[in-house]
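Subject: Structure handover

Dear colleague,

Please find the structure below. My notes on it follow.

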Amino acid sequence: MPQFPPVADQLALIRRGVEKIVPENELVPRLEQSYKTGTPLRIKYGIDPTGIDVHLGHTVPLRKIRQFQELGHQAVIIIGNYTALVGDPSGRDQTRARLTQAQVEENAKDYLKQVGKVVDLSRAEVVRNGDWFSSMSFLDILELCSKVTVAQLLTREDFAKRYAAEQAIFLHECLYPIMQAWDSVKIRADIELGGTEQLYSFMLARDLQREQGQPQQIGMMSPILVGLDGVRRMGKSLGNYIGINETPYDMMKKFMQIPDAVMRMYFELLTNRPLEEVNHLLAGHPKDAKIALAKDVIGEYHSATEATEAADRWQREISEKQTPEDIASASIARSELVNGALPAARLMVAAGLCATTSEARRTIAQGGACLGPNKDRIAAHDTQVTVETGLLLWAGKKRVVRIELAD
RNA sequence: GGGGGAAUUCCAGAGUGGUCAAAUGGACCAGACUGUAAAUCUGGCGGCUCAGCCUUCGCAGGUUCGAAUCCUGCUUCCCCCA
């Protein structure tokens with residue numbers, strides 16, 4: 001019989017960074033029952049393989065799964081290869097584009113590879129909901145649909161909003177939450193993880209489970225992780241994310257750019273650092289707290305050593321503005337030079353630092369163009385610059401290239 | 001099927017015959033400040049052989065000395081009625 005940590009200890013871990021547990025009062029009894037009987041809880045997490053580049057926002061529920069795994073519970077990851085064909089309407093004010101089956105399968109493989117960095121896949125059940133949906137008959141579907149009323153569907157905020165705004169709500173979208181709920185029945189979920197926008201589907205799952213004479217699942221919803229801008233949710237399309245496949249240094253740079261105000265949330269949702277320590281850190285200098293945060297997370301996806309290296313490098317190159325160690329080289333053909341030189345504006349374009357000569361002129365006029373390790377400002381757009389291999393050329397504080405002459 | 005409305009520079013959104021490369025805000029870029037956080041300030045933000053010139057306001061024509069602005073046709077999008 002599996003041995004679990006005491007319920008109180010489990011709760012401390014489970015509750016961290018969870019915004020809402022519904023219904024709250026069923027959680028403790030469920031854990032106690034599991035503890036007494038030595039039965040692992042079945043933790044459901046579903047995801048539609050829509051071509052996801054996993055970023056920290058996605059890792060919030062994934063880390064929660066991991067925590068449950070550490071406690072000895074059973075993770076069940078549902079690949080929504082069938083629901084992906086529908087398109088999740090959650091939180092959307094527009095209909096989502098649908099995918100082909102081939103795309104979905106490819107995405108699923110890619111996705112699992114990334115998930116494996118957070119979740120212990122060797123101990124998790126991974127299932128595809130096409131396994132049960134693809135064989136359902138129209139009659140089965142009608143049967144399932146008869147459990148849900150239109151009025152219920154319209155209690156969802158996203159649908160209600162779209163309905164009120166007289167925007168299209170397609171029938172297949174209405175089926176989505178029903179499908180998601182049916183997944184819970186099929187895998188006999190005890191707990192489902194997800195974002196706060198999943199409330200409706202979670203509750204629908206309870207209805208269907210009761211219908212089928214199963215214990216009803218408990219929904220645990222994480223808050224939505226805000227992105228680097230500190231305002232909008234972290235997302236690829238918003239360009240405000242940190243991907244888990246990024247290099248330690250890239251992650252470092254991004255972490256140092258987050259607003260101070262989101263540090264607490266990041267610590268809570270993305271690290272295991274005890275909250276007492278977090279409070280202590282946040283009481284100190286924000287820069288130090290941010291470095292600690294970055295190291296915690298980078299260490300998780302890379303290693304503590306690499307995290308420290310990244311932090312040190314950031315300190316040197318960014319904070320102390322030393323010349324970076326990896327400078328992209330820009331090759332320039334000798335034939336472009338006149339007497340071994342080029343006017344500054346042309347050089348900027350040739351080096352790929354500016355898209356147009358107009359842009360280069362502006363950059364130079366505003367004092368953003370510099371030469372060499374000492375960053376000597378280029379005075380005018382028509383200043384003749386002697387071009388040699390190894391020459392450093394800057395555009396602003398961040399962008400720099402090393403010139404390489406080619407024949 | 002019938003009726004109405006809209007298409008502007010990255011986005012939003014002004015502009016209804018010359019003073020429009022086109023207000024304003026956002027995004028973005030550069031500079032100052034700083035903990036490359038926030039906030040703030042300054043400048044920029046179609047292109048070029050840059051005190052000038054060229055190309056832009058859904059597409060194609062037309063009217064006019066002159067059009068983003070007026071007319072015609074086309075395309076796309078939205079809304080209303082049934």
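Which elements do the buried residues of α4 pack against? They pack against β2 (42-47), α3 (56-70), β3 (74-79) and β4 (125-128). Please keep in mind that this is a predicted model.

Helix α4 covers residues 101-115, and its 15 residues should span 21 Å at 1.5 Å a residue; the end C-alpha atoms are 21 Å apart, which agrees. The buried residues of α4 are Val104, Asn107, Ala108, Tyr111, Leu112, Gln114 and Val115. Seen down the helix axis, these buried residues fall within an arc of 150°, so they line one face of α4. On the face turned away from that buried side, α4 carries the exposed residues Ala102, Glu106, Lys109 and Lys113.

Helix α6 (residues 138-145) gives the largest share, 4 residues. Leu175 lies in helix α9 (residues 171-187). With a relative accessible area of 31%, Leu175 counts as partly exposed, because that class runs between 20% and 50%.

The last item is Ser222, which lies in strand β6 (residues 218-222). Its relative accessibility is 6%, so Ser222 counts as buried, the cut-off being under 20%. Leaving aside residues up to four places away in sequence, Ser222 touches Gly17, Glu19, Val60, Pro61, Gly194, Gly195 and Thr196.

Regards

Methods: Residues are numbered from 1 along each chain as its sequence is written. Chains are lettered from A and ligands numbered from 1 in the order in which they are written. This is a predicted model: local features need pLDDT of at least 70, side-chain atom pairs count only at pLDDT 80 or more; totals for chains, interfaces and linings use all residues. Side-chain values use heavy atoms; hydrogens and water are left out. Helices (H or I, at least four residues) and strands (E, at least two) are DSSP runs, numbered from the N terminus. Buried means under 20% relative accessible area, exposed over 50%, partly exposed in between (1.4 Å probe, protein chains only). Contact means heavy atoms within 4.5 Å. The expected span of a helix is 1.5 Å times one less than its number of residues. The arc is that of the directions from the helix axis to the C-beta atoms.
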